[in-house]
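Trainee: I'd like to go through the charged pairs in this one. Can we start with the buried ones?

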Amino acid sequence: MAIVKFISDFQCNIFIDLEYVGVAQADKMLKVSLEPGSYLIEAMDEKGKSLKKYALNVSPTETQVLQNLHFYDNTSLTNLNVEESHKKKTLVKCIFPDGEKATVIDSEGNNCLGQWFFFIGSNDETILLKNDKTYYVLSTEDYLVKNIYYDARYDGKADLIPVYKEIGIDDMYGFIDKSGSEVIPFIYDYVWNFEETGFAKVKRFGCIHAVGKDGTLYLSMDETESEGKKCSHTPLTVANNDNDGHIGVYYSPHILSKEESEIRGFDFLQYYPIKNDNHWGLSFFDKKVISLCICDRFFYLDDWNENYLVYRKNGICFIEDHEKEYSFKADEVIANFRTVFEGNAGHDETSINNVIIRKSKKYGIADLSGKILLHVEYDLIEPTDAVQGNVTGNVGIVWKDGLCTFVWMVTGEILEPFKYEDIIVNKADGSTWLMYSTYLVKENGKYGCIDFERKPILPSVYDTIEFKLEIDSYGYHYKMLLYKDGKVGTYEYCNYRSDCNNYNVLELVFSIEPEYDECVFLNNKKAVTNFAGMSYVAVRRNDKWGIIDNKPAGLYYYYDFDDRWRNNPNLKELDFKYNSLEELKDDADNEFERRHDKYINRHRFDW
């Protein structure tokens with residue numbers, strides 16, 4: 001006799017050899033005792049429509065048979081409270097159309113978690129499951145929930161997962177591995193994904209730093225390891241870490257001499273935060289705690305620009321500068337800084353645009369007087385460094401019910417419907433006044449690209465998009481690698497304002513839909529000018545490589561740009577003759593020079 005357990009995500013009637021045996025309810029189990037033998041199983045919905053029909057063989061050695069009757073994915077979360085029970089529990093897995101999922105059942109087949117979850121990983125002590133944007137860490141000993149973390153926009157590439165957890169009324173960020181173990185402590189205001197370099201950006205007290213996978217904290221990404229060489233600067237240290245996610249000494253200035261601090265651009269920091277019992281204070285370099293600000297938590301600390309302090313004390317949040325103090329009854333405030341760039345003149349101006357406030361886990365926008373510009377009802381509001389009209393700080397991202405859109409931070413106006421699953425700012429460089437940011441957007445599981453006015457550049461049809469920005473004294477140039485169905489293509493946009501065309505805007509667009517196995521943008525060493533020559537792309541099909549031009553060199557010299565050159569790659573000369581990328585690179589300079597001479601001679605004219 002064997003117990004057959006039918007698992008379904010749809011309420012349906014189960015028939016065995018055309019004999020009705022019971023109802024399999026959604027996300028629950030129907031248990032049926034069967035003797036060894038062969039059976040015809042048929043599942044029908046409540047209206048009698050056949051959903052699934054198949055043969056089941058029960059062998060004499062089987063005591064339990066798990067049958068998957070899932071027809072579609074039901075992701076609604078019911079109940080995750082694992083009840084104490086003397087009954088034996090076990091983790092079971094099933095393959096769904098959207099991936100491997102797991103749950104915990106007891107010896108009677110009851111679903112102890114009340115739902116199926118994506119299985120992330122496990123070790124001897126813990127199991128990591130995920131539902132929607134929530135991670136659950138289970139104990140392998142009793143399958144109780146040990147920790148709950150929330151998604152911090154993990155891209156799925158690195159071994160360490162950026163997440164946050166609730167610590168009192170605050171959300172603190174850190175990193176876990178794929179078994180749910182905390183690897184980097186939850187002491188940060190925000191964290192980003194680990195990059196290919198092996199480091200991730202982290203935000204603490206309003207400052208952006210970098211962290212390695214071993215938890216070592218660096219002043220910036222520029223001071224991390226590069227090309228296998230250890231940076232010459234001493235990294236920041238985190239000392240006296242305690243269980244509530246705070247740190248005792250953050251900048252550890254005692255390891256730096258005054259001269260070294262000045263060289264590293266740290267001479268302006270006259271004080272640093274230090275934790276004493278359950279309160280924070282500010283200390284000068286002599287480590288003497290002063291009463292300049294004793295508070296529950298610091299959000300922002302700046303003694304360089306306008307001497308801004310942002311902190312919470314006794315349930316009230318404060319923003320202080322050298323002249324004024326602003327107060328808000330909130331759990332957290334985020335000062336949204338607006339920076340106006342003055343090109344290469346170096347006279348950039350930064351001021352507080354308005355304030356993101358957080359109350360009872362919801363977010364809104366207020367001005368400095370406390371007037372609400374956007375009601376406190378959203379799941380998250382993120383300031384961005386998107387550049388628009390030589391200004392950063394005007395565009396934010398607002399989240400609600402798992403979707404996001406754009407918000408104009410100046411007025412609190414929501415600019416688009418909530419239709420995006422993610423928005424990624426293609427960061428512009430604030431040192432140029434020519435650049436406008438673009439955005440990668442995710443819709444229905446696919447990525448596209450839109451411009452600063454939210455008009456489409458690329459439709460949301462790609463599995464993923466990699467973006468790279470390059471800036472030249474004449475303009476800017478961005479490139480994208482487009483991945484779809486296992487193939488890759490490219491998109492390239494150039495915007496020039498050079499003296500060669502009387503500083504008129506000249507645009508070059510070049511794109512190839514995904515049809516190659518690999519695409520690599522190559523450096524242009526033979527350009528007519530620093531930037532505005534012919535760039536080219538190495539492409540691989542199967543095991544052979546070739547080179548594609550994106551535009552003839554020298555074409556940008558003409559005042560009247562001929563549209564016939566748009567999206568007209570030089571495919572006629574594409575020859576897959578290289579056995580490796582390295583072999584192609586060895587020959588690339590000669591190949592470029594040959595094509596450069598051909599095109600420049602064709603279009604040459606005397607000044």
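**Salt bridges**

Mentor: Arg297 and Asp189 are both buried, where buried means under 20% relative accessible area, exposed over 50% and partly exposed in between (1.4 Å probe, protein chains only). This is a predicted model: local features need pLDDT of at least 70, side-chain atom pairs count only at pLDDT 80 or more, and totals for chains, interfaces and linings use all residues. Residues are numbered from 1 along each chain as its sequence is written, and side-chain values use heavy atoms, with hydrogens and water left out.

Trainee: What do the side chains of Arg297 and Asp189 form?

Mentor: A salt bridge, at 2.5 Å from N to O. The term means a side-chain nitrogen of Lys or Arg within 4 Å of a carboxyl oxygen of Asp or Glu.

Trainee: Where do Arg297 and Asp189 lie?

Mentor: Arg297 is in strand S24 (residues 297-301), and Asp189 is in the loop between strand S16 (182-188) and strand S17 (190-191), so the pair ties together parts 108 residues apart in sequence. Strands (E, at least two residues) are DSSP runs, numbered from the N terminus.

Trainee: Next, which residue does Glu332 pair with?

Mentor: Arg358, in a salt bridge whose closest N and O atoms are 3.9 Å apart. Glu332 sits in strand S28 (residues 332-340) and Arg358 in strand S29 (residues 349-359), 26 residues apart.

Trainee: Is Arg358 buried or exposed?

Mentor: Arg358 counts as buried, at 1% relative accessibility. Glu332 is buried too, at 13%.

Trainee: And how many salt bridges are in the whole structure?

Mentor: The search finds 20.

Note on methods
Helix = DSSP H or I, 4+ residues; strand = E, 2+ residues; numbered from the N terminus.
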